[in-house]
Amino acid sequence: MTKTQKTSFLGSLVKVGTGVIVGAGAGFLAGLILAPKSGKETLEDVKSVSLKLRTDASEKVLDIKERGGEMVRRGTSTLKIGKDCDDEVSVETLPITKDVKVKVEKERSTTESLLERIQGVTAENLE
């Protein structure tokens, strides 16, 4: 999906969301006006519904905070495990790496020495 398509999709989504909210609000108001209850009863219903919505919203926010906190804890734990593994690998491979480096240097020295001998022998044979 291109950036233009994403922007267009989000714009459409916002328009639909706004339409749903406006429609729900209009339906709610129409229900209040046309309700067969007295104004006092309707007001009590509105208070009851608004308190329930507020309570539900608060519970959802707390739930989201808890989940987010748990995700952060898991991510931090995973990163720590990864770092510990990296440290262990470094500790275990460092001596091996040093040993290989020493052996490679020794072989290079031996090879250079042999190469010099071969060149010396070849030079003597050419004379």
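## Overall surface and burial

The protein has an accessible surface of about 11600 Å², and carbon and sulfur atoms account for 65% of that area; accessible areas come from the Shrake-Rupley method with a 1.4 Å probe, where for residues only the protein chains shown count as cover. The model is a predicted one, in which local features need pLDDT of at least 70 and side-chain atom pairs count only at pLDDT 80 or more, while totals for chains, interfaces and linings use all residues. Residues are numbered from 1 along each chain as its sequence is written, and side-chain values use heavy atoms, with hydrogens and water left out.

Of the 127 residues in the protein, 1% are buried, where buried means under 20% relative accessible area, exposed means over 50%, and partly exposed covers what lies in between (1.4 Å probe, protein chains only).

## Helices and a nonpolar patch

The protein contains two helices and zero strands, both being DSSP runs numbered from the N terminus (H or I with at least four residues for helices, E with at least two for strands).

On the surface, Phe 28, Leu 29, Ile 33 and Leu 34 form a nonpolar patch whose accessible area together is about 480 Å². Such patches are made of residues with over 30% relative accessible area and no salt bridge, nonpolar side chains (Val, Leu, Ile, Met, Phe, Trp, Tyr) being joined within 5 Å and like charges within 9 Å. Leu 34, one of the patch residues, belongs to helix 1 (residues 3-34) and counts as exposed because its relative accessibility is 69%.

Side chains of opposite charge can pair when their charged atoms come close. With a salt bridge taken as a side-chain nitrogen of Lys or Arg within 4 Å of a carboxyl oxygen of Asp or Glu, the count comes to six salt bridges.

One of them joins the side chains of Asp 63 and Arg 67, at 3.0 Å from N to O, and both residues lie in helix 2 (residues 39-126), four residues apart, about one turn of the helix. Asp 63 is partly exposed at 28% relative accessibility, whereas Arg 67 is exposed with a relative accessible area of 53%. Lys 103 and Asp 99 also form a salt bridge, their closest N and O atoms being 3.4 Å apart, and they too lie in helix 2, four residues apart; Asp 99 is partly exposed at 37%.

The side chains of Arg 108 and Glu 105 meet in a salt bridge of 2.4 Å, N to O, with the two residues three apart in helix 2, about one turn of the helix. Arg 108 is partly exposed at 43% relative accessibility, and Glu 105 is partly exposed at 38%. Elsewhere, a network of salt bridges links Glu 70, Arg 73 and Arg 74.
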